[in-house]
Amino acid sequence: MSSKKRVLVTGSNGLLGQKLTDLYLGLEDIELFATARGKNRHPKSEGFTYLEMDITSESTVNKVVSTVQPHTIIH
């Protein structure tokens with residue numbers, strides 16, 4: 001099992017989400033998961049896992065959270 005902390009960022013297509021994603025990309029002890037509605041629009045497409053997720057869909061959120069099992073969620 002990985003010793004990395006799993007961090008899930010919601011709204012990663014927005015300005016704040018992109019800045020947070022950039023911040024966490026530089027940390028080697030973090031496994032980063034970025035989520036947003038629609039396709040990934042972050043200029044960088046490597047170093048994190050992108051998952052399409054509509055935060056208003058309870059079933060989708062539950063599925064992503066149960067799959068990723070993040071230590072931290074930044075919403």
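In the predicted model, Gln 18 is placed in helix α1, which comprises residues 15-25. The relative accessible area of Gln 18 is 18%, and because the cut-off for burial is under 20%, this residue is classed as buried. When neighbours within four places in sequence are set aside, the contacts of Gln 18 comprise Ser 12 and Asn 13, together with Arg 41, His 42 and Pro 43.

The protein chain that holds this residue contains two helices and four strands, which follow one another along the sequence in the pattern β-α-β-β-α-β. Among its contacts between residues at least 6 apart in sequence, 48% join residues at least 24 apart.

As to overall dimensions, the C-alpha trace spans about 30 × 30 × 15 Å along its principal axes. The radius of gyration of the protein chain is 11 Å, which agrees with the value near 11 Å that a compact globule of 75 residues would have.

Of the 75 residues, 33% count as buried, and the accessible surface of the protein chain comes to about 5100 Å², with carbon and sulfur atoms accounting for 52% of that area. The charged side chains number 9 positive and 8 negative, and the centres of these two sets lie 3 Å apart.

Notes: Residues are numbered from 1 along each chain as its sequence is written. This is a predicted model: local features need pLDDT of at least 70, side-chain atom pairs count only at pLDDT 80 or more; totals for chains, interfaces and linings use all residues. Side-chain values use heavy atoms; hydrogens and water are left out. Buried means under 20% relative accessible area, exposed over 50%, partly exposed in between (1.4 Å probe, protein chains only). Contact means heavy atoms within 4.5 Å. The radius of gyration is taken over C-alpha atoms; the globule rule is 2.2 Å times the number of residues to the power 0.38. Accessible areas come from the Shrake-Rupley method with a 1.4 Å probe; for residues, only the protein chains shown count as cover. Lys and Arg count as positive and Asp and Glu as negative; His and the chain ends are not counted. The place of a charge is taken as NZ of Lys, CZ of Arg, CG of Asp or CD of Glu.
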